[in-house]
Each structure stands twice: as C-alpha cells, then as structure tokens.
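Morning, everyone. I have one model to walk through today. Let me put it on the screen.

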Amino acid sequence: MRVFFIGLSYGLFTVSRGVSLVYPVMMCLLIFAESMEFITVTILSSSFNPLGALIMTLMGNGRHLLGGDCNAR
C-alpha cells in the first residue's frame with residue numbers, strides 16, 4: 001500500500017511541474033532509485049547543467065554505497 005502512495009505523490013509532483021505523463025511512466029521503468037526519480041524531475045525542469053546533474057545524481061544515490069553489502073559476512 002505504501003508503494004501506491006509514493007507512486008501517487010510522484011505522479012502528482014510531475015504533473016504539477018508540467019511534465020507530460022509519458023515521462024514519469026518511462027522514468028518509473030528505467031530509474032530504480034526512488035529518490036532519483038524526484039530529483040530527475042527537478043533537474044529536467046531547470047536549465048541544463050550537466051555538471052550539476054552529475055553531482056546531484058551522485059549525491060542522491062551515494063547513500064546506496066553505504067547501505068549495500070556492508071553488513072554481509
């Protein structure tokens with residue numbers, strides 16, 4: 001049930017930013033980090049800055065580096 005509300009909030013967020021409905025559907029299929037989907041909408045709706053997009057992507061997904069296989073034994 002939690003996934004439904006996250007998906008609904010993501011859809012409403014993208015529509016409120018003026019993004020076509022095709023883009024959020026494609027992003028849900030291609031982006032596997034949920035926080036990065038929200039960041040991508042913000043990046044797409046601002047002026048194009050490739051270095052800023054790269055840094056934001058690394059910061060948004062950097063948390064996965066720490067929580068990956070650190071506890072595997």
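At what angle do α1 and α3 pack, and how far apart are their axes? The angle is about 10 degrees, and the axes are 10 Å apart. Angles under 35 degrees count as roughly parallel. So α1 and α3 are roughly parallel to each other.

Who makes that contact? From α1, we have I6, S9, Y10, F13 and T14. From α3, we have E34, E37, F38, V41 and T42. Sort the contact of α1 with α3 by class, and there are five nonpolar, three polar and two charged residues.

A word on what you are looking at. This is a predicted model. The protein has five helices and zero strands. Read from the N terminus, the order of elements is α-α-α-α-α. The C-alpha atoms fill a box of roughly 45 × 35 × 15 Å along the principal axes.

Some totals. The protein has 73 residues, and 18% of them count as buried. Its accessible surface is about 5900 Å². Carbon and sulfur atoms hold 71% of that surface. Now the contacts with a separation of 6 or more: 50% of them come from residues 24 or more positions apart.

Next pair: α3 and α4. Helix α3 covers residues 34-44, and helix α4 covers residues 50-61. They pack at about 160 degrees, with their axes 10 Å apart. That angle makes α3 roughly antiparallel to α4, because anything over 145 degrees counts that way. The crossing of α3 and α4 is right-handed.

Which residues of α3 meet α4? S35, M36, I39 and I43 do. Their counterparts in α4 are A53, M56, T57, G60 and N61. By class, this contact of α3 with α4 has five nonpolar residues, four polar ones and no charged ones. Recall that the contact of α1 with α3 has two charged residues.

Stay with α3 for a moment. Which of its residues are buried? They are M36, E37, I39, T40 and V41. Their cover includes α1, α2 and α4. Two of these names have come up already: E37 is in the contact with α1, and M36 is in the contact with α4.

Take T40 as a case. T40 sits in helix α3. Why does T40 count as buried? Its relative accessibility is 15%, and buried means under 20%. Not counting residues up to four places away in sequence, T40 touches M27 and I31.

Now T14. T14 is in helix α1, residues 2-16. Is T14 buried or exposed? T14 counts as buried, because its relative accessibility is 0%. Set aside neighbours within four places in sequence, and T14 is in contact with V19, P24 and V41. V41 is one of the buried residues of α3.

For contrast, look at L29. L29 lies in helix α2, residues 22-30. L29 is exposed, because its relative accessible area is 57% and exposed means over 50%. L29 and T42 are 13 residues apart along the chain, and their C-alpha atoms are separated by 18 Å.

Now the loop between α2 and α3, where A33 lies. A33 has a relative accessible area of 11%, so A33 is buried. What does A33 contact, leaving aside neighbours within four places in sequence? It contacts N61 and H64. A33 and G60 are 27 residues apart in sequence, and 8.6 Å apart in space, C-alpha to C-alpha. G60 and N61 also belong to the α4 side of the contact with α3.

Compare that with P50. P50 is in helix α4. P50 and A33 are 17 residues apart in sequence and 19 Å apart in space, C-alpha to C-alpha. At 49% relative accessibility, P50 counts as partly exposed. The exposed class needs over 50%.

To recap, α3 packs at about 10 degrees to α1 and at about 160 degrees to α4. The buried residues of α3 have cover that includes α1, α2 and α4. That is the tour. Questions, please.

Key. Residues are numbered from 1 along each chain as its sequence is written. This is a predicted model: local features need pLDDT of at least 70, side-chain atom pairs count only at pLDDT 80 or more; totals for chains, interfaces and linings use all residues. Side-chain values use heavy atoms; hydrogens and water are left out. Axes are lines fitted to C-alpha atoms, for helices over the stretch in contact, and angles run from 0 to 180 degrees between N-to-C directions. Helices (H or I, at least four residues) and strands (E, at least two) are DSSP runs, numbered from the N terminus. Angles under 35 degrees count as roughly parallel, over 145 as roughly antiparallel, 65 to 115 as roughly perpendicular and the rest as oblique. A crossing is left-handed if the near helix is turned anticlockwise from the far one by less than a right angle, and right-handed if clockwise. Contact means heavy atoms within 4.5 Å. Ala, Val, Leu, Ile, Met, Phe, Trp, Tyr, Cys and Pro count as nonpolar, Asp, Glu, Lys and Arg as charged, and the others, Gly among them, as polar. Buried means under 20% relative accessible area, exposed over 50%, partly exposed in between (1.4 Å probe, protein chains only). Accessible areas come from the Shrake-Rupley method with a 1.4 Å probe; for residues, only the protein chains shown count as cover.
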